[in-house]
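Trainee: I would like to learn how to read packing and pockets in a model. Where do we start?

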Amino acid sequence: MKKIGISGVARSGKDTFAKAAERFLTENGLKVKRYALARNLKGDLYHFVNENFGFDIYHPTEEQKKLIRPLMVAYGCAQREATKGKYWFSLIDAEFLFDEPDIAIVTDIRFCEYEYDECHWIKEDGGKLIHITLISDGRQILPANVEEAVNNPRLISRADYNLRWESMSDDDAYQFVKKFFEDNPALWKDS
């Protein structure tokens, strides 16, 4: 199994990139699965958010997402601190064993703080880290919080690929991602 991690600040297009990558790689005969570290975090907070804020954490509006982002970041960071950065990806490791994909795409690599952290976990055994920077209306999307501001430069420096793209349609995003993977066959083809 090859791991591909996608990093970038909030709203940089990580999920859009991952969906297009999954489509391209699947069309090329590979068993691909997308994973998100935040999915387990949302599961842990689902009932709390529903009971206290009255909405579904898995399908928030942009306004609701802004409201609960500090809660999600604080809880996520607390679990990371308690485990020296290992908590969230250790949950995904168990899923890998069950799913057995050819390529695992992890859509939300956001931290590079501890000796063995999300960034290091992705890159072990030849995994690759892709960093996405979105340019919208001629301006770079900035970090959404202090944690992103601290970790984003670290992730950029550790990334195997640093990509800049602009806001675009899903079809154009697919063409962008397709060209990227065609230009970098070592990322997904067996040697």
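Mentor: Start with axes: lines fitted to C-alpha atoms, for helices over the stretch in contact, with angles from 0 to 180 degrees between N-to-C directions. Helices (H or I, at least four residues) and strands (E, at least two) are DSSP runs numbered from the N terminus. This model is predicted, so local features need pLDDT of at least 70 and side-chain atom pairs pLDDT 80 or more, while totals for chains, interfaces and linings use all residues. Residues count from 1 along each chain as its sequence is written, and side-chain values use heavy atoms, without hydrogens and water.

Trainee: At what angle do H2 and H4 pack?

Mentor: About 105°, for H2 (residues 37–53) against H4 (residues 87–99). Their axes are 8 Å apart. H2 and H4 are therefore roughly perpendicular (65 to 115 degrees; under 35 is roughly parallel, over 145 roughly antiparallel, the rest oblique).

Trainee: Which residues make the contact of H2 and H4?

Mentor: Contact means heavy atoms within 4.5 Å. H2 brings Leu-37, Arg-39, Asn-40, Leu-41 and Asp-44; H4 brings Tyr-87, Trp-88, Phe-89, Leu-91, Ile-92 and Glu-95. Seven are nonpolar, one polar and three charged (nonpolar: Ala, Val, Leu, Ile, Met, Phe, Trp, Tyr, Cys, Pro; charged: Asp, Glu, Lys, Arg; polar: the others, Gly among them).

Trainee: How do H1 and H7 cross?

Mentor: At roughly 60°, with the axes of H1 and H7 (residues 170–183) coming within 9 Å. The pair is therefore oblique. Among the H1 residues that meet H7 are Phe-17, Phe-24 and Leu-25; the H7 side includes Tyr-174, Phe-180 and Phe-181. This contact has 10 nonpolar, one polar and five charged residues.

Trainee: What does Val-73 touch?

Mentor: Val-73 lies in H3. Leaving out residues up to four places away in sequence, Val-73 touches Asn-145 and Glu-147. Val-73 and Glu-147 are 74 residues apart in sequence, yet 8.2 Å apart in space, C-alpha to C-alpha.

Trainee: Which helix gives the largest share of the lining of the largest pocket?

Mentor: A pocket is an open set of points on a 1 Å grid over the protein atoms alone, where a 1.4 Å probe fits, with protein on both sides within 12 Å along at least five of seven lines; lining residues have an atom within 4 Å of a point. H3 gives the largest share, nine residues. The lining has 38 residues, with Asp-15, Ala-38, Lys-42, Asp-108 and Arg-110 nearest the centre. By class, 15 are nonpolar, seven polar and 16 charged.
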